[in-house]
Amino acid sequence: QVQLVESGGGLVQAGGSLRLSCAASGRAFRTPGMGWFRQAPGKEREFVAAITWGGGNTYYAESVTGRFSISRDAAKTTVYLQMNSLKAEDTDVYYCAKGRYGMGGWNSWNRNDYDVWGQGTRVTVTS
């Protein structure tokens with residue numbers, strides 16, 4: 001069974017940068033893509049970014065477009081999230097997730113289209 005381990009979270013000042021990593025382990029790895037979500041207490045888990053595994057096509061939430069960049073290393077089964085120009089509003093727990101195949105294709109923004117989640121890594125941006 002695939003497991004995801006996130007790293008790279010921490011404390012950073014507004015305007016700074018962080019790079020999150022998510023390493024997948026398991027005997028078999030098969031996915032239409034990988035994504036990053038974030039969640040604050042009492043709020044819905046929010047889509048941040050996603051990347052298709054085969055083609056490397058990327059998708060971003062409007063709130064992070066131009067500041068965040070998602071990438072993957074297929075050989076290492078690892079996905080990254082480069083976070084630049086961080087704002088206080090970016091403070092959250094960030095979760096890596098593995099997409100799942102379903103009827104009608106893969107909707108990267110849909111939480112239900114993921115079947116494995118990491119433990120989360122906390123990002124705190126101070127102002």
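What follows is a conversation about a predicted model of a protein and the contacts within it.

Visitor: How many helices and strands does the protein have?

Guide: In this predicted model, the protein has zero helices and 11 strands, so that from the N terminus on the elements run β-β-β-β-β-β-β-β-β-β-β, and its radius of gyration of 14 Å is close to the 14 Å that the globule rule gives for 127 residues, so it is as compact as a globular protein of that length.

Visitor: And what does the C-alpha trace span along its principal axes?

Guide: The C-alpha trace spans about 40 × 25 × 25 Å along those axes, while the protein exposes about 6,800 Å², of which carbon and sulfur atoms supply 45%.

Visitor: What share of the residues count as buried?

Guide: Of the 127 residues, 45% count as buried, and among contacts between residues at least 6 apart in sequence, 56% join residues at least 24 apart.

Visitor: Which residues have the most contacts inside the largest nonpolar core?

Guide: Those are Trp-36, Leu-81 and Tyr-94, in a core of 32 residues. At least two residues of this core come from each of several strands, including β4 (33-39), β8 (78-83) and β9 (92-99), and β5 gives the most, with five residues.

Visitor: Changing topic, how many salt bridges does the structure hold?

Guide: The structure holds five salt bridges, and Arg-38, Glu-46, Arg-67 and Asp-90 are linked in a network of them.

Visitor: Start with Arg-38, then: is Arg-38 buried or exposed?

Guide: Arg-38 is buried, with a relative accessible area of 5%.

Visitor: How far apart are the closest N and O atoms of Asp-90 and Arg-38?

Guide: In the salt bridge between Asp-90 and Arg-38, those atoms are 2.9 Å apart. The pair links distant parts of the chain, since Asp-90 is in the loop between β8 and β9 and Arg-38 is in strand β4, 52 residues away. Asp-90 counts as buried, at 1% relative accessibility.

Visitor: What about Thr-91, where is its place?

Guide: Thr-91 lies in the loop between β8 and β9, where it is partly exposed, with a relative accessible area of 30%. Its side chain reaches the backbone oxygen of Ala-88 at 3.0 Å.

Visitor: Which residues is Thr-91 in contact with, leaving aside its neighbours within four places in sequence?

Guide: Those residues are Val-123, Thr-124 and Val-125.

Visitor: Last one: is Lys-98 buried or exposed?

Guide: Lys-98, which lies in strand β9, counts as buried at 6% relative accessibility. Not counting residues up to four places away in sequence, Lys-98 touches a set of residues that includes Val-2, Leu-4, Phe-29, Arg-30, Met-34, Asp-113, Tyr-114 and Asp-115.

Definitions and conventions: Residues are numbered from 1 along each chain as its sequence is written. This is a predicted model: local features need pLDDT of at least 70, side-chain atom pairs count only at pLDDT 80 or more; totals for chains, interfaces and linings use all residues. Side-chain values use heavy atoms; hydrogens and water are left out. A nonpolar core is a set of buried Ala, Val, Leu, Ile, Met, Phe, Trp, Tyr and Cys residues joined through side-chain atoms within 4.5 Å. Buried means under 20% relative accessible area, exposed over 50%, partly exposed in between (1.4 Å probe, protein chains only). Helices (H or I, at least four residues) and strands (E, at least two) are DSSP runs, numbered from the N terminus. Contact means heavy atoms within 4.5 Å. A polar contact is a pair of N or O atoms within 3.5 Å; within protein, one must be able to donate a hydrogen and the other to accept it, and residues adjacent in sequence count only if both atoms are side-chain atoms. A salt bridge is a side-chain nitrogen of Lys or Arg within 4 Å of a carboxyl oxygen of Asp or Glu. The radius of gyration is taken over C-alpha atoms; the globule rule is 2.2 Å times the number of residues to the power 0.38. Accessible areas come from the Shrake-Rupley method with a 1.4 Å probe; for residues, only the protein chains shown count as cover.
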